[in-house]
Amino acid sequence: MHKTECYVVTGVSGRTGAAAARTLIEAGERVRVVVRDASKGSLWARQGAEVAVADLTDVSALINAFSGARGAYLVSPPQYELDDLFVQSDALGMAIAEAAVTARLPKLVALSSVGADRSSGTGLIAKNRTIEQHLGRIDVPVTFLRAGYFMENWGPAASVAITQGVLPSFLAPLDRAIPMVAAADVGRVAAEALREDWLGARTITLEGPASYSPNDVAEVFAQKLGRPVRPVAVPESDWAGIMAQQGFSPAAIDGFVEMTRGLNTGHISFASDFNVDHRQGVITLDTVVAMMIKA
């Protein structure tokens, strides 16, 4: 049993987990980070956090990580390289649910996605829905944080915009704006939600201060670079090849294609998500693009 009550944060090697942990530490809270590799916990240990080593499908290790905690923020790893990534999400959801109940975890916040309310046609987002379903069945207060399109998804296109003056976009049509949110806002809101009290299962939908189209994104890049940047829609026939080059498995490629189609047709949106607590972040696309260019 751990000696001090704390908040548990997973996914600290990623953006939202790191932002959530930082937010809690800066608020004076005790934090325990969960990492799969102990070496990745050293950064957080230096900031005063406890470090627990666990795979999110290892029930015993999770029970230990959750033991004595006040609550937990859960981020499922992307695992886009796996052929059985949907099976893995099912196993992960079951393991977290069992561990949360056994460890008597008082509450948890799980990162999910816009579109997780849909039962089909969402591709990779079905992973989030599966985890939501497992956690929604247990007698533990749970918050599903359904975030909009991450602004950081434009990161791979940033170098092309910088070097070639072109912004390749999987999103289309180019003039259609959708809700986007910065990862730092997601982590901050997750930490804030974790410090709240509620009963049963609740859903928070989260977007940034404005919606943006690919045209808008290109214009922000142009403003920051001081030269024209032209948005170009990537043909759907090219999607699979591009994602294969990024290490996606065939199953992940199929999921990406279906998800992107859903975003482009409007099938995946906040419009179908009812009885939710809708919140807005404060970080603008200008800020995120400036960081991408600096990097």
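Trainee: How many salt bridges does a search of the whole structure find?

Mentor: Keep in mind that we're looking at a predicted model here. To count as a salt bridge, a side-chain nitrogen of Lys or Arg has to lie within 4 Å of a carboxyl oxygen of Asp or Glu. Searching the whole structure that way gives 13.

Trainee: Arg-70 forms a salt bridge with Glu-29, so how many residues apart in sequence are the parts this pair ties together?

Mentor: The closest N and O atoms of Arg-70 and Glu-29 are 2.9 Å apart. Arg-70 sits in the loop between helix H3 (59–66) and strand E4 (71–74), while Glu-29 is in the loop between helix H1 (15–26) and strand E2 (31–35), so the parts tied together are 41 residues apart.

Trainee: Is Glu-29 buried or exposed?

Mentor: Buried means under 20% relative accessible area. Glu-29 comes in at 16%, so we call it buried.

Trainee: Lys-107 forms a salt bridge with Asp-197, so how many residues apart in sequence are the parts they tie together?

Mentor: For Lys-107 and Asp-197, the closest N and O atoms are 3.3 Å apart. Lys-107 belongs to the loop between helix H4 (85–102) and strand E5 (108–113), and Asp-197 to the loop between helix H7 (183–194) and strand E10 (201–207), so the separation is 90 residues.

Trainee: Is Asp-197 buried or exposed?

Mentor: Start with Lys-107, which is buried at 8% relative accessible area. The cut-off for exposed is over 50%. Asp-197 has 71% relative accessibility, so the word for it is exposed.

Trainee: Which residues do salt bridges that share partners join into one network?

Mentor: Here we look for salt bridges with shared partners. The residues joined that way are Glu-196, Arg-202, Asp-277 and Arg-279.

Trainee: How many residues of the contact of H3 with H4 are nonpolar?

Mentor: H3 brings in Val-59, Leu-62, Ile-63 and Phe-66, and H4 has residues including Ile-96 and Glu-98. One residue of the contact is polar, one is charged, and the nonpolar ones number eight.

Notes
Residues numbered from 1 in each chain as written. Predicted model: local features only at pLDDT ≥ 70, side-chain atom pairs only at ≥ 80, totals over all residues. Heavy atoms only, no water. Helix = DSSP H or I, 4+ residues; strand = E, 2+ residues; numbered from the N terminus. Buried < 20%, exposed > 50% of the residue type's maximum accessible area, 1.4 Å probe, protein only. Contact = heavy atoms within 4.5 Å. Nonpolar A, V, L, I, M, F, W, Y, C, P; charged D, E, K, R; others polar.
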